[in-house]
Amino acid sequence: MRRSLGWPAATTLVLLLTLTGFSTWLVKGTVDHQENRLLHERANEVALVLKEAVESLSSQLHTVGGVLRATDGDPKAFARSSAALVSASDGHDSIALLRRTPQGYRAAPVSGAAIRRQQLVTGPVAETLAVASATNRMVATPVMGAGRDRTLGFAVGPPASPEGTVLYLQLTLGALGPPTGVGTSPFNELHVVLY
């Protein structure tokens, strides 16, 4: 014998299913909101870290430029004032004072191994140097190269550097890889950051 569900039981079942669906929707909306808020907070933290790093680089380049202006471009003073910028990379990074020539920009003096003395710089770096020489703010190159040969450069022109020159710092970025402290390092949950 088969018993049918009475209208009170059916109404209760529909009501419970409706409440369950609404509760699920509400919890999902709350979780999505919290995830978006957390992602926004983390993006703000990353932006602050990058902003501080860029301001620090700009300050250091301005300091080297001030030493060059004060010493009338003395290569020894340049080497002393720029040593801290390239020492952390075991010489893979470089800082150079470049002068514009008809063919591009020629480097002298230089600290670090990435740029050689009297090297002629052309291409995207020369384009960045031209922009830096026409403005009073630091200008960045695009990320150049691939794999472990990826580099990023920063340039400042006058008044930070002596008239007719541009100071250029080239940093080696290295290859992309997994984070070293998975799960505990800062920003470990972020996979890509565009700034």
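Q: In what order do the strands of the open sheet stand, and is the pairing parallel or antiparallel?
A: Strands of a sheet pair through backbone hydrogen bonds, in either a parallel or an antiparallel manner. Here the order is S3-S2-S1-S6-S5-S4, an open sheet of 6 strands with antiparallel pairing. Strands are DSSP runs of E, at least two residues long, and helices are runs of H or I of at least four, numbered from the N terminus; two strands pair if DSSP finds at least two bridges between them. The model is predicted: local features need pLDDT of at least 70 and side-chain atom pairs pLDDT 80 or more, while totals for chains, interfaces and linings use all residues. Residues are numbered from 1 along each chain as its sequence is written, and side-chain values use heavy atoms, without hydrogens and water.

Q: Which strands stand at the edges?
A: Strand S3 (120-121) and S4 do; each has a single partner strand, so one side of each lacks a neighbour in the sheet.

Q: Over how many bridges do S4 and S5 pair?
A: S4 and S5 form an antiparallel pair over 2 bridges. Phe154 in S5 is the bridge partner of Ala140.

Q: Where is Thr141 found, and is Thr141 buried or exposed?
A: Thr141 belongs to the loop between strand S4 (139-140) and strand S5 (151-156). Buried means under 20% relative accessible area, exposed over 50%, and partly exposed in between, with a 1.4 Å probe and protein chains only. Thr141 counts as buried because its relative accessibility is 6%.

Q: What lies 2.8 Å from a polar atom of the Thr141 side chain?
A: The backbone nitrogen of Gly153 does.

Conventions: Polar contact = N/O pair within 3.5 Å; in protein donor to acceptor, adjacent residues only side chain to side chain.
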